Amino acid sequence: MLPLPNFVRKDRLASRHSALPTRWRQRVHELLGSINDSENPGNPMAEKQIEGDVLLSVRDLHVQFLTGAGLIHAVRGVSYDVWAGEIVALVGESGCGKSVSSLALMGLLHGGDATRISGAASLKGMDYFGLSEEQMRRLRGREIAMVFQEPMTALNPVLTIGIQIMEPMLAHLGYSREKAWNRAVELLTLVGVPDPERRLGLYPHQFSGGMRQRVMIAIALACNPSVIIADEPTTALDVTIQAQILDLLQDLVDELKIGLVLITHNLGLVARYADRVNVMYAGRIVEAGTTSQVLRHPRHQYTAGLLKAVPQLDMPRQELLETIPGQPPSLRALPEGCAFRPRCSAASDKCLEIPALTRSTQDHSDACFHPFKDNGVYPAAGTPEPIKPAISKEALLTVSGLTKHFYLGRGATVRAVENVSFSVPTGGTLGLVGESGCGKTTLARLLLRLEQATAGTFELDGDDLLFKRGQRLKDMRRKIQVVYQDPFTSLNPRHKVADALVEPLLVHKLRKNRREARERVEEALSLVGLPSEMGDRYPHQMSGGQRQRVGIARALVMEPDFIICDEPVSALDVSIQAQIMNLLVELQKKLGLTYLFIAHDLAVVRHISDIVAVMYLGRVVESGRRQELFAEPRHPYTQALLAAVPSFRGLKGEGLSRGPLQGEIPSPLNPPSGCVFHTRCPLATDECRTAVPESRSLTETHKVACVRA
Amino acid sequence: MRNVFPPPSHGPLWANEPKRLPNWVELIRNYPFGVVGLLVLVIIFVASGLAHWIAPYDPLETNYANTLAAPSLQHWLGTDTFGRDLLSRVLYGGRTALFIGVSASIIGSTIGAMLGITSAYIGGWFELILERFLEVLLAIPTMILALVLVATMGRNLVFGIDFNLVLAIALPIVPNMARIARSQTLTIRRQAYVDAARTLGFSSSRIIAWHIAPNIAGPYIVMVTTFVSQAILIEASLSYLGLGVTAPTASWGLMLAGNAFNSALTAPWIVIFPGVAIALVVFSFSMLGDALRDIFDPKASAGR
Amino acid sequence: MLRYLLNRLMLAIPTLLGVATLTFFMLALLPGDAVETMLRADGGNPTPEIIAAERARLGLDRPILVQFGDFLWGLFTGDLGSSSWTGKPVLDEIMLRLPVTLELAVLGMIIAVVIALPLGTLAGIFHGTWLDNLIRIFAFGGIALPSFWLGMMLALAMLWFFNWLPPLGSNSLFSDPIRVLQQLTLPALAVGYRYAAMLVRMMRASVIEAMSEDYVRTARAKGLPASSIVRRHIVPNSLLPTVTIIGLEFALMVGSLVVIEQVFSLNGLGRLFVESVARSDLIVIQGIVVVLTIIFIAINLLVDLAYAAIDPRIRLGRG
């Protein structure tokens, strides 16, 4: 057994654990014998004495999996501490080990001998890694609880919410059913679920995603645990709901003095909510410290690169993002020494050794031999962007009055897209932004003619496309191409990349034979920055970023005029997102392409668009040039969206307002009367409840559909 | 008994990757049932395929001097009520069972898969009507449907094989396979790469050939294997009822028919061996089918 | 809930009509002349005149649509026609034989469910262990052993070891339940084993799938003991797909029943069916298929009911 940290004083241990069952105290005393005061490997930050209680401390945690594909060393020596009443963020890209390390701490990994864990973890001073599965079980849900990413699947569909909240109390605290019920009512009230008595008798499918996540939090709180681990708790939720959930967690941490571990890939969330942050890369913590230190003065090259690569609403917009080249390493074949070395511009021979996490200041440490040096505050405060003259006045694509209703039978109608009009200038980019269910994907499918519109028109270059059939439809399809969100499902796993790209050229007879088509494909591959030998690979032999490049190349081989990008970067890792966005911008310049860019991430949309349209429940509520819309949002929904996006505008505790928008997105099956936004709108009046607001022009380009704006 | 959720082992890490076992050892370790099934099937296929050369006697050769003989060195599995050699009859019966089983399964699955794919892809009224029709067919138990078909179609002997019998066994497979192919097609149709193909201007038939068919090949092979065992069982049942293969063709079901049960009171081997033969073949096909399912679609079968 | 059931019932009617129609036309239109086959089955060598006369007697010389209309009307009024072999009303013949078959089916189903659910759950929970492998072999056995042969073996074993055979003759469940049980237990075991095997496989697969679901991970994160995770979270969710299979695989058992009745000389529907097939007695065949379909649909309605009882998403509607 590894030694416990030296801040754990033997005399304090026993008293802290009076809360544990009696049979446990025996175990605690056994454990005391194993504690010695030797130096610990790992995080020097953790050794610092801080006022208050250390709730969770992790020392040199390693996790290995033996899989069919080989040995995966998923976590390679992670150490950190969580104090009472603070939010500690674990931030990193997919596969960096942030989730696995937390599951290991919860004792939720299984797999017998195929999974190996080493290191130590202590909860309120008691080393619990040596405990048996049964003893571990008694800790879970009682002392350490977890909130998962997917609220839609994390609750049991056949049990009522009430039973699911009561379960941990019945299992751990020996409550009677009545007492547990009363506590459950209390808990639901605490997490902001209205009408708790009635809600306890309902089933998960009767709740929305945001409400389910509140229920998950209530379950985690049931036994008053000292530590809660929240694993991407809002990734599956919309941005306005995300703000509500995290505000709630923040309040709970403050009131109940819980230690919260927030696992996320979103640096904006870290900035807004975390007190301290641990940046992970390839299974190790590469940088740790207070949020302001790490985000304002990053030292590790990876952290600095990441901060530059993420577009932020409050930073000046650059034409291109600074990117981290390459891709995260495979955990099966890690590079020698610093895992970031192959992607690092500052790397030297020294980096062939693994750098240890060393303290640079009182509350900041990093594992880098060549730390990033910035002058002063990074990132610099934003200066407003000058309004540039609009790009081409000529519209390539004009959409007017486009409407799509889905008829579900029994008179039920989903108004997915309602009277949408906009135009996209030649060579420009229209960014379409909105939360889930706003109809942005349906709109894309209408333009691609994958669905037939109910009403409206759209023209490409003056040519009406809505009712084209046969060969003329086929010709039109060549001109409009698409890049999909998920590079995993948008390529057929059974075709080699080159074959998948050659085929459409032959279908459209754009090239005479397979050999000429192959040449064209290699051209397209090199345009998107892939070597031609990639053509002989299958999709599963490529990384997500490479696949997305193939997706773009597939659109390009057709020499289209217009490309619809449907959330093209949202499935990608942060460091890859920037590469793909830059590629799209460069291609636009080089080939004169016109884009419709659909996304839910406002910062991404701002970065790439010339014109932005905001959708809510099937309608465009506001549209305008980027500079206008982001500088002076007029519709209350746009304002709320912008306010809900966490960014570096202000760090935690720097006097930032909370997520302003309450309530949930209504169902498009039964949208509110009048202005669809009135149910959540802070400005709503009686007029909004009845009259559908007309879209009116504020400037030549800026339009808003709100009577109060 | 291990824990329901076996906890990971706390303790020393692997310093190096543990040595990988050779691929064939991995295969046996992961799919022991499938490998056994495959081996047994290979043996059975070879033995019954070569029945003409390896069977010790003519399966039709009667010997009234030696009826119901117990298994011996001359007659490894004994003889039946006519003194025919059981081993030879079991070998020839295997030929019948495998031929009818495999051909019925392939015919039924292929027609079913084609119907399922086209109906799911084309949609509209064609899908609606076909869907209803298949639902109706599915409501009639397989065995009953086969019996009805036998009753109406009569016999149609081609090279000693009753082709109508093959059809009667194959047709009930059609709706089952069609349903599976349909749901698979619908799943694949929702994939973004099919949308992408449509936006690239691919025609429906090209999308079916280029995207859908290759992705259905896996489930198709699995289902063919599964339906072979079903077809063999139905052939045996029909023959047992006197409605399938007719004498003098050797068939396992036929060997159990008639007064075999009464003779079995004194000579149990005459019913034991044909039954064991049926069970062994079907057992092996099911084990192989299960393993193939795991290999082709690890998610659907879970486990492992 | 009520709407769901009504919905299901409404869906069942076209299926039933479809089966009736399909059977009718299959028998009427498929190649092979049933009357000729029937007369030949007698051992005779009928002249074309005799065949024509027989067709006229059975009304088979009328236009096909008239015959079909007749058949449909009969279906509505509960008249399935008369056997062309015995001349007795088909419905009477069927009603006489139905009880044995139903008793056998229900007994087989009970045996299957009672064996399969616990075994499937065990195999799923401990998948990959020796226990799982044992149960899987047991299940493969059920799928591989032809039920009629298994029935024979069971009967032979009884005779061999206990010198006992199931009693013959028809017995009423109400007047002599013990005798009925004696008579039906062996055939029910033989068909139930196969049914059980299907259910074991489904239950095992569902349990394994449920174990990897997010809500089970949530339950573990709550620190619930394994027993209550299995009882409250894994089993109810795994029952959903398994219950559906109980209904669907009932059809499979009906197929085995037809054969097993021959083995045990039970005078049930299956026996009548096989006899009618051998005699090409189309009207009886038609009647039996319709009745079997009604039973199959009824069983599946019951299954839907059970499904709704377990799954609140069905019971309460979505959203």
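I began with helix H17 (residues 544-557) of chain A, which lies across E18 and strand E19 (562-566) of chain A and runs at about 175° to E18(A). Axes here are lines fitted to C-alpha atoms, for helices over the stretch in contact (heavy atoms within 4.5 Å). Angles run from 0 to 180 degrees between N-to-C directions. Helices (H or I, at least four residues) and strands (E, at least two) are DSSP runs numbered from the N terminus.

I noted that this is a predicted model, where local features need pLDDT of at least 70, side-chain atom pairs count only at pLDDT 80 or more, and totals for chains, interfaces and linings use all residues. Residues are numbered from 1 along each chain as its sequence is written, chains are lettered from A and ligands numbered from 1 in the order in which they are written, and side-chain values use heavy atoms, without hydrogens and water.

**Sheet**

I traced an open sheet of eight strands in chain A, in the order E18-E19-E20-E15-E21-E22-E24-E23, with mixed pairing. Pairing takes at least two DSSP bridges between two strands. I then checked E21 (residues 611-616) and E22 (residues 619-625) of chain A: they run antiparallel and six bridges join them. A:Ala613 stands opposite A:Ser623 in E22(A).

**Annotated spans**

I looked up "transmembrane region" in UniProt; the unreviewed entry places it on several spans of chain C, including 104-125 and 239-264. Such annotations may be inferred rather than shown by experiment. Residues 104-125 of chain C are 100% helix, with end C-alpha atoms 32 Å apart. Residues 239-264 of chain C are 96% helix, and their end C-alpha atoms lie 33 Å apart.

**Cavities**

I searched for cavities (sets of points on a 1 Å grid over the protein atoms alone where a 1.4 Å probe fits but cannot get out; lining residues have an atom within 4 Å of a point). The structure holds 11 of 30 Å³ or more. The largest cavity has about 210 Å³ of space. Its lining has 15 residues, and B:Met143, B:Ile234, C:Arg194, C:Leu252 and C:Ser256 are the closest to its centre. H10(C) gives the most to this lining of the largest cavity, five residues.

The second largest cavity has about 120 Å³ of space. I found 16 residues lining the second largest cavity, with C:Thr101 and C:Leu292 among those nearest its centre. H10(C) gives the most to the lining of the second largest cavity, with five residues.

Technical notes
1 Å grid on protein atoms, 1.4 Å probe; cavity = no way out; pocket = protein on both sides within 12 Å on 5 of 7 lines; lining within 4 Å. Points joined across faces, edges and corners; volume = space filled by probe spheres on them.
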